[in-house]
Amino acid sequence: MNFIRCLAAICHKDLLSELRKRETLNSILFFGILIIFLFSFAIGPETALLKKLAPGLLWLVVLFSAVLALDRSFQAEAEEGCLDRLILYSVSHRAIFLGKLFTNFLFVLIVQTVVLLMMMVLYDLDVPKEPWNLVLIFLLGDLGIATLGTFYALLITKTRARQVMLPLLLFPMLIPLLLACVFATQYALEGDPFLQARPWIEMLFVFDSIFLSACLLTAGLLLEA
Amino acid sequence: MNSRVVELTGISQRFATHWALRDIGLVANKGDCIAILGPNGCGKSTLLKILATLLEPTTGGGTIAGFDIRQNTLKIRNQVEWLGHELGLYKTLTAEENLKFSCVIKGRKPLVKKLREAMAEVGLNAVGGKPIASFSVGMRKRLSLARILLESPEFVLLDEPHANLDREGKTLMNRCIQNWKKGGLTLLLASHDHHEVLPLCDKAMVLNQGRVAYFGDPKNIPSSVIL
Amino acid sequence: MKKIFQYGSLIVAIGFFIFAQWWGLFRSPPDAQMGEVQKLMYVHVPAAWNSFIAYSIVFISSILYLVRKKMFWDHLAASSAEVGCVLTALTLSLGSIWGRPTWGVWWTWDARLTTTAILLFLYVGYLAFRAFVDDREKRARLSAPLGLLIFLNVPIVYFSVKWWRTLHQVQSSPSTVDPQMVLSLRLNAVAFLFILILFIYYRFHLSRLKEKIENQIMGEIQ
C-alpha cells in the first residue's frame with residue numbers, strides 16, 4: 001500500500017510538472033518528427049525504399065528520443081538535491097525507481113505512437129496488418145528501453161559524469177532489443193502468416209523480465225551509493 | 001527510553017583523495033542544542049550529511065536515536081529532519097504542491113488546512129499557488145522550513161540555518177529553533193557565523209580541517225580556535 | 001620465497017606460451033585452402049575464449065562485491081574487464097586480418113564476430129564509466145551493478161544476433177577445424193589461460209598497490 005502510494009506520488013509529481021511546462025514531451029516529439037524528415041532527405045524520396053526501411057527507422061528515432069527524455073527526467077532530480085531528498089524520505093527504493101521508470105515509459109510510448117502515425121503519413125505506410133501484435137511489441141519494447149534507460153540515467157546522475165555517457169552505455173545494451181523490435185514490427189506491419197514474429201516477441205519478453213528484475217534488485221544499492 | 005540521541009565514534013569521511021572528516025566523536029543527549037562551528041570547508045556539512053544518513057562514513061560508526069548508522073538507516077530517517085544547502089524542492093511545482101508531495105510520500109494525509117497553516121507561519125501564504133521557480137532563495141528556504149514544521153521529528157539538523165534569510169526570516173528561524181528546544185527536540189546547527197548560532201545553543205563543537213578543535217561550553221571557547 | 005614463486009610462474013607461463021605458439025606455427029600443418037594465414041587462428045580463437053573467461057570473472061566478482069562489500073572484488077572486476085577488453089580487441093583485429101584473404105572482406109556481420117564487437121563496446125563502456133568516478137568506494141558500489149547487467153546481456157546479444165543472421169540467409173563462417181589442428185589449438189588455449197591469469201594478477205596487484213600508496217599518502221598529509 002505504502003509502496004503504491006509512493007510510486008503514484010512520484011509519477012503524479014513528474015506528470016504534473018510535465019503538464020505545466022511541456023518541456024520534455026514537446027522537445028522529444030519535435031525531435032522525433034524532425035528525424036523522420038531528415039531520414040527521407042538522407043535516403044531519397046522513393047516511397048518504396050522508405051517503406052521498406054520504416055520499422056528500423058521507427059525504432060532508431062524512438063531510441064534517440066528516449067535518450068533525450070531520460071536526460072530530462074533525471075536533470076530535474078539531480079538539480080537542487082531532489083534525489084537526495086527523495087532517498088531521505090525513507091520511501092522504498094524500488095518505488096522511486098519504478099516511479100521514474102513509469103513516467104519514462106509513458107514518454108517513450110507517446111513518442112513511439114506519434115512517430116508511427118507521422119511515418120504512416122510521410123512514408124505512405126499501409127494500415128498495420130497485425131495491430132494487436134504491434135501494440136504488444138510497442139509495450140514490450142518501450143518497457144525495455146525505459147527499464148535500462150532509467151537504470152543508466154540514474155547511474156550517470158549519481159556520478160555527475162557528462163550526459164554524453166548515457167547513449168554510449170545504453171545503446172550497446174539495447175542492441176538485442178532493437179533487433180527484436182525491428183523484425184517483429186516488420187512482421188506486424190506487413191503481415192505475418194507464418195508467425196515469424198513469435199520468437200522475437202518471446203525474446204523481448206525474456207529481455208524485459210531479466211533486466212526489470214536485475215534493475216529492481218540493484219536499484220537500492222544504486223540510489224544509496 | 002534512551003536519552004542518548006547521537007553517539008558516534010571515530011567517524012572519518014574520505015572523498016577521493018581527501019579527508020573531509022578525521023576521527024570525529026560526537027555525543028548528544030535528548031534536548032541538546034549543539035552548534036557546529038568552523039570555517040568553510042572544515043567538514044560541517046559532511047558531518048551533517050552523515051548524521052542525516054545521506055553519506056556512509058568511510059570509518060567509524062555509532063547510533064542515532066538508538067539505531068545503527070550503517071544498518072538501520074531507514075529507521076533513523078523517520079526521526080531526523082535535515083535542512084541542507086540544496087533544499088530539494090521541485091521548481092515546476094507550486095509551494096503548496098511541494099509540501100503536499102513531501103507529505104504524501106512520507107505517508108501523511110496532506111490536509112489543505114495544515115499546509116496553509118504551515119505556509120502562513122513562514123509567511124508564504126500569499127504565494128502558495130505560484131511555482132517556486134519564481135521564488136528567491138530566501139523564500140525557498142522558508143518553504144523548506146515549513147516542510148519541517150509539518151513533520152514531527154525527534155532530531156533536527158540545520159546546515160547554515162540563517163544563510164540567505166532576511167532579518168524577518170532570521171527571527172522566524174530563531175523562533176522555530178526556540179520552539180523545538182522547548183518541545184525537547186535535539187538540534188544541531190552548523191554555521192560559520194558564531195554570533196548567530198551561539199546564543200541559541202548550549203554546547204558547541206568547533207571543527208578545523210576535519211578535526212575537532214573544541215567541544216564544550218559555548219561560553220568558554222578559547223579565542224585561538226574561533227576563526 | 002614469494003619472489004621465487006612470482007618469477008617462476010611468470011617464466012613458466014611465458015615459456016609455455018612461446019612453446020605453444022611455436023608448436024602452432026611450425027609443427028601443425030598449414031590449412032589446405034587458407035594456407036599459412038590460418039595460423040592466426042592459434043591466437044584469434046584462444047584470445048576469444050579467454051576473454052570470455054575474463055568477462056565471467058567480472059560478473060562473478062561484481063556479484064561478490066554486492067554481497068561482501070570488499071574492495072578486493074572490485075579490484076578483481078576492474079582488472080579482469082581490462083584484460084578482457086585487450087583480448088577482445090586482439091580477437092577482432094586478428095579476425096579482420098584473417099577475414100580479408102579468406103573471405104575477401106575486412107568485416108562481415110557474422111554472428112560470433114558481431115557479438116564479440118558488441119561485447120567490446122559494452123566492456124569499454126564499463127571501463128569508461130569507471131574512469132568518471134573519483135571516489136573508490138563509490139566507484140565500486142556503482143560499477144558492480146553495471147558489471148552484473150552487462151554480463152546478463154551477453155547470451156541475449158548472442159542469440160539475437162544469430163537469429164538476425166539466419167533470417168538473412170547468409171552462410172555462417174567456415175569454422176572447419178582440421179582434427180590435426182585441434183591439439184595446437186588446445187595447447188594455445190591453455191597458454192592463453194596462463195597469460196590471462198598472469199595479466200589479471202599483475203593488474204590486480206597494481207591497483208592494490210595504488211590503493212595502498214593512496215592510503216599512505218593520505219595518512220601522512222593529515
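## Strands in chain B

Strand 1 of chain B and strand 4 (residues 59-64) of chain B run antiparallel, with 5 bridges joining them. This is a predicted model, so keep that in mind as you look around. If you want a spot to start from, find B:V6: its bridge partner in strand 4 of chain B is B:I64.

Strand 1 (residues 4-15) of chain B has another antiparallel partner to look at, strand 2 (residues 18-29) of chain B, and here the pairing covers 8 bridges. One of the pairs is B:R14 with B:W19, the latter sitting in strand 2 of chain B. These two strands make a hairpin with 2 residues between them. In the turn you'll find B:A16, which has a positive phi of about 50 degrees.

## Another hairpin

Now slide along chain B to strand 9 (residues 203-208) and strand 10 (residues 211-216), which pair in the antiparallel sense over 5 bridges. Look for B:V206, which stands opposite B:Y214 in strand 10 of chain B.

What does B:Q209 do in the hairpin of strand 9 and strand 10 of chain B? With 2 residues between the strands, B:Q209 takes a positive phi near 50 degrees.

As you trace any of these strands, here's a handy rule: in a regular strand the side chains alternate between the two faces of the sheet.

## An arginine in a helix

Is B:R140 buried or exposed? B:R140 counts as buried because its relative accessible area is 13%, and the cut-off for buried is under 20%.

Who are its contacts, once you leave aside neighbours within four places in sequence? Within chain B, B:R140 is in contact with B:L87, B:L89, B:K91, B:I132, B:A133 and B:F135. There is also a contact from another chain: B:R140 is in contact with A:E80.

## Where chain B meets chain C

Here 10 residues of chain B are in contact with 9 residues of chain C. The area buried between the two chains is about 800 Å², and carbon and sulfur atoms give 47% of it.

The count of salt bridges between chain B and chain C is 1. On the chain B side, strand 1 and strand 2 each supply at least two residues, and the largest share, 3 residues, comes from strand 2 of chain B. By class, that side divides into 3 nonpolar, 3 polar and 4 charged residues.

## Where chain C meets chain A

Over at this contact, chain C brings 30 residues and chain A brings 29 residues. Together they bury about 2700 Å², 86% of it on carbon and sulfur atoms.

Helix 4 (111-131) and helix 5 (136-167) of chain C each supply at least two residues of the side that touches chain A. Helix 5 of chain C gives the largest share, 18 residues. Sorted by class, that side of chain C has 23 nonpolar, 4 polar and 3 charged residues.

Note on methods. Residues numbered from 1 in each chain as written. Chains lettered and ligands numbered in written order. Predicted model: local features only at pLDDT ≥ 70, side-chain atom pairs only at ≥ 80, totals over all residues. Heavy atoms only, no water. Pairing = 2+ DSSP bridges. Helix = DSSP H or I, 4+ residues; strand = E, 2+ residues; numbered from the N terminus. Contact = heavy atoms within 4.5 Å. Buried area = accessible area lost by both parts, 1.4 Å probe. Nonpolar A, V, L, I, M, F, W, Y, C, P; charged D, E, K, R; others polar. Buried < 20%, exposed > 50% of the residue type's maximum accessible area, 1.4 Å probe, protein only. Salt bridge = Lys/Arg side-chain N within 4 Å of Asp/Glu carboxyl O.
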